[in-house]
Amino acid sequence: MSDEHFDVIVIGTGPSGGTIASKAAEAGKSVALVDSRTFGGNCALRGCNPKKVYVNAGELADQVRRARGKLIEDGQVRIDWSGLHDFKEEFTRPVAEGKEDAFREKGIKTFHGVAKFVDQKAIEVAGQRLSANRIVIATGARPSDLGIGGESLVTISDDFLQLKQLPHTVVFIGGGYISMEFAGVVAAAGHSVHVIERNEQILSGFDPDLVQQLRKEYESRGVKFYLNATIESISKNDDAADSLRVSMKDESRIDAGLVVHGAGRVPNIGALQLSQGNVAFSENGIAVNEFMRSSSNPAVFATGDCADSGMPRLTPVANEESRAVSKNLFAAEMDYVPRYGDVPKVAFTIPSIASIGLSEQEAREKFSNLEVRSGDMSGWGSVRKTGSTVAGYKLLIDSQTDKIVGAHILGPNAEETINLFALAMRFGHTATDMKSTLFAFPTSAADVRSML
């Protein structure tokens, strides 16, 4: 087995791993970059960016239909799924074709294959041994195991994005980000949609009152929800047009042409043989300290969805962690701790739902002087001007300091408006500060004053 030595090996080529590798190379370090899949990572190739192309199509179709008889005369519109797929490829194909070459141009040596630790400072990839002074793990997350009969018949989100045609009926397992975002698009494309959630609420990380508003809106568009439901098995149903049968423990059944996995993701670390490298881990990911360094192997760092940092598995979190690792990787004394602040999160549903800071329950437990300002914005002029849709807000304010401790928004442009609250919370501005700010009118941002 051949052996090569580097200053640093980076496993994973997404936003986090790719950034660390590039910065190390720019600093004059010898770098090996490893990926078992196409270089570029999930966000660019199979996640955030291509997903948003599909969501944009769903939003456009939805708004045109809502605007019929108000903003326009003819509200007939149809999503061409094959054309949408091809348009999505205009964003993903250049990444797939050019990302590895870009790394090589920086002097980074690239390797394809599954990385496996062989000792504390070495891995094996495709029969080749690579050693390094530092090893960074940035392998992201993968779909969780469902543990049901017929699991092999389920389509994961990666493969969903490659479909050029959709069957009449689509079932989504789980009611989280992936399911709810794609369910909105599939419904907008005119297909029958079913969402099966084992808990009592979909989108569990978001405000339950706003989620309830969104669920009712989805139901008005024909989406069917099965809450507190458990799937027993998935089987082939060759005698029906919808070739798959989803059987639940309450003996109800759904026949569908496609069943999509949206039941959560877990750290993608199973193949790394971490024990061989003395790298401590759990089901939550690789154990790291405040500097993103392995708690058991000082040569190893981990970032993003595969690291057990206690933070949400979101791209901004991975970006901040990669910044910390880049600064600490070869430092004589590590001193940079990720500066997360309050991290906004968005589900690109139709319309989108966004959140930052504490939930209402968390805030009530923490603040005795909590003020909750909430309301239904569906009838507000800024919303009705787009054609009627659902919208709402909930702001959590510590009345003793006038500081905003949580903000939750549902409606058109929620994904942008939430960033105003992120800025205010990051720099310590009060609710009064925000209310007195002269936002351009009439805009969604100007509605912040009305919320406050």
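Is Ser179 buried or exposed? Ser179 is buried, with a relative accessible area of 0%, where buried means under 20% and exposed over 50%, with partly exposed in between (1.4 Å probe, protein chains only).

The model is predicted, so that local features need pLDDT of at least 70 and side-chain atom pairs count only at pLDDT 80 or more, while totals for chains, interfaces and linings use all residues. Residues are numbered from 1 along each chain as its sequence is written, and side-chain values use heavy atoms, with hydrogens and water left out.

Ser179 lies in helix H6 (residues 177-188), helices (H or I, at least four residues) and strands (E, at least two) being DSSP runs numbered from the N terminus. Not counting residues up to four places away in sequence, Ser179 touches Phe172, Ile173, Gly174 and Gly262, contact meaning heavy atoms within 4.5 Å. A polar atom of the Ser179 side chain lies 3.4 Å from the backbone oxygen of Ile173.

The axes of H3 (residues 48-67) and H4 (residues 81-105) come within 9 Å and cross at roughly 145 degrees, the axes being lines fitted to C-alpha atoms over the stretch in contact, with angles from 0 to 180 degrees between N-to-C directions. H3 contributes Pro50, Val53, Tyr54 and Ala57 to this contact, and among the H4 residues are Trp81, Leu84 and Phe91.

| Residue | Backbone value | Loop |
|---|---|---|
| Leu203 | positive phi of about 45 degrees | between E9 (192-196) and H7 (208-220) |

How values were computed: Polar contact = N/O pair within 3.5 Å; in protein donor to acceptor, adjacent residues only side chain to side chain.
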